[in-house]
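Please look over the model shown here before reading the points that follow. They are grouped by topic.

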Amino acid sequence: MSGLRNIAIIAHVDHGKTTLVDQIIKQAKLFRENEVVATCILDSNDLERERGITILSKNISITYNGTKINIIDTPGHSDFGGQVERVLKLADGVLLLVDAAEGPMPQTRFVLDKALRLGLRPIVVVNKIDKPDARPAEICNKVFDLFCELNASDEQLDFPVLYASGRDGWAVTDLSQERVSITPLLDAILKYVPAPEDLQGPVLAQVATLDYSNFVGRIGIGRVYRGTLDLNRPLLIIKRDGTSSPAVIKQLFTFEGLERKETEQVRCGDLCAIVGISDIDISDTICDAEHPEAMPPIAIDEPTISMTFRINDSPLFGKEGKYVSSRQLRERLFKETEKDVALRVEEISGDSFKVSGRGVLHLAILIENMRREGYELAVGKPQVIIKVIDGVKNEPVERLSVDVPSESAGKIIEMVGLRHGELIQMEARGTRQLLEFFIPTRGLIGLRSKALTASQGEAVISHLFDHYEPYKGPLPSRQNGVMVSMAGGKAVPFAIDALQLRGEFFIDPGTEAYEGMIVGEHCKDNDLVVNVQKEKQLTNLRAAANDKNIKIVPARKMSLEQALEYIDDDELVEVTPKNIRLRKIFLKELERRRNRFNQEEE
Ligand SMILES: Nc1nc2c(ncn2[C@@H]2O[C@H](COP(=O)(O)OP(=O)(O)OP(=O)(O)O)[C@@H](O)[C@H]2O)c(=O)[nH]1
Ligand SMILES: [Mg+2]
């Protein structure tokens, strides 16, 4: 039997995990010589390609010097941190990538902490050495400090370090060596990552993550911890709550190169995909029917943010999407919970649903996928999930790190302070400062765009859920009011021009608006109802000719996430395949007033 290694690649977002896996794939010759190969092969779905981020972790394997190496690429963005935690259960070692210029970041700490606690063997890869501002020696020290802070064992502290440029396809154990290929990294994996224990006895396997296919439904991805998983033997599946039933597996696959290879037997230590059990779930144990035994359960990350998803009932509904009814919305949302265990959906009323997830990006990706499939919907402001602990209202708090030019640091500290953030560390890095805070998740909503403005676009921000803390009291709400269209119809240049001094527009002339639609931001703190359809009165011809002189500032266009973070409690983002519009929940000014009045009464 040939050797086996299981490793996961972990790092902060964008530190180069997927690019490194690309190089491993290329250099392991999983392709024919003349085949044209894309970059970030594993970032295979449309949104992953477009945004350049990994959303779902993925498995591949290579064979090197007769040993099969299972490699798990993980997402770096904090909203998907729970996934990383789970897939680590599949591995015996990790490659911890750290950007040679940025050094350890919040997600580096999070994933390393999880890996160390599971007792995995780490190999540190100082990556992107090709960057002009790389400072490998300094970064190595920081990584060492991080290991100490996280209470690594002596054995873990003795981690090997490699220097690499994933993009350029080389890794070395010493910077003086010739930079030719990625093989030193593969050698290090064979040398330092232990082979999985080969335990004999009745089979024991556990599902750590899920995949989904429209043809076969849920697919469990797991690892065999003891014995051999054999399709032809009677098996039992034991759920998280201890209930068990016969497991009828239709197909078993191992990971071979970029493909899955169908098999009847999976050896101890290997990873596999299990097809045919429709309600297979994370943490499920598969064991021998005659020797029932459950593995310790795997925790699933609790959601921290929720949004209300409603059917689109704006006056423009149904013009751009194929799926607009509440039945279609309900089906689509519940189907998503099949694939994504970190997502929760609750029906609030016939046409609205509370959808909870790990962060704004997590839910924004779902919304983005839905609009591409042809759905129309309206989404409310992201709300954090409050937990009552011992009778006290608690809210999620995150660790926030902001890397800014020193001259903007003061502004950032003030801004975060206003949102109940607390500075925990401050570190000068040349002309920049690295600031670390604890801040309520609520305070993060909308912070990114403000911090970018305050630092002329220079701030590098990342954050990560850390813990729950007693509720810190109300936050300052959005400073500016909005401009709300008073009627329906196309916005005309003349009207927009006349209103330009009152604020900034979100729509260009010619855009179809409706009563209650938000068309711009008011320069003052109250909302302003405006008439964007107002034509110039054509009383004399000479004045009409002046229209040509109108200069309209280009509209501010928001991405889906920006729009979600922008809106207030009484507003919605209307999402259709073609447009993202902002609107008031109550479209008529009179209803809005009545609602405000009722709220003040309460
Ligand atoms: N200079 C330099 N850039 C690199 C290197 N490796 C990756 N990059 C760039 O860094 C960016 C992020 O690379 P990815 O491989 O997608 O990073 P990732 O860690 O998989 O990111 P997530 O999956 O979103 O966490 C891309 O623009 C790459 O081109 C490298 O060795 N050197
Ligand atoms: Mg990636």
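A residue counts as buried if 20 or more other C-beta atoms lie within 10 Å of its own, as exposed if 12 or fewer do, and as partly exposed in between. The model is predicted. The protein is divided into domain 1 (4-192), domain 2 (204-288), domain 3 (387-470) and domain 4 (482-538 + 546-569 + 581-601).

**Domains**
- Taken over C-alpha atoms, the centres of domain 2 and domain 3 are 42 Å apart.

**Ser314**
- Ser314 lies in the loop between strand S18 (305-310) and helix H8 (326-339).
- Ser314 has 19 other C-beta atoms within 10 Å, so Ser314 is partly exposed.
- Apart from its neighbours within four places in sequence, Ser314 is in contact with Tyr514, Glu574 and Arg583.
- From Ser314 to Ile518 there are 204 residues in sequence and 12 Å in space, C-alpha to C-alpha.

**Helix H9**
- Helix H9 (residues 360-373) has 14 residues and should span 20 Å at 1.5 Å a residue; its end C-alpha atoms are 20 Å apart, which agrees.
- Ten of the 14 residues of H9 are buried, so the helix is mostly covered.
- Among the buried residues of H9 are Val360, His362, Glu368 and Met370.

**Ligand 1**
- There are 22 residues around ligand 1, and Gly16, Thr19, Ile53, Thr54 and Gly76 come nearest.
- Helix H1 (residues 17-27) gives the largest share of the shell around ligand 1, with three residues.
- The shell around ligand 1 has eleven polar, six charged and five nonpolar residues.

Methods. Residues are numbered from 1 along each chain as its sequence is written. Chains are lettered from A and ligands numbered from 1 in the order in which they are written. This is a predicted model: local features need pLDDT of at least 70, side-chain atom pairs count only at pLDDT 80 or more; totals for chains, interfaces and linings use all residues. A residue is near a molecule or strand if its C-beta atom, placed from the backbone, lies within 6 Å of it. Helices (H or I, at least four residues) and strands (E, at least two) are DSSP runs, numbered from the N terminus. Ala, Val, Leu, Ile, Met, Phe, Trp, Tyr, Cys and Pro count as nonpolar, Asp, Glu, Lys and Arg as charged, and the others, Gly among them, as polar. Domain bounds come from an automatic or database domain assignment. Two residues are in contact if their C-beta atoms, placed from the backbone, lie within 7 Å. The expected span of a helix is 1.5 Å times one less than its number of residues.
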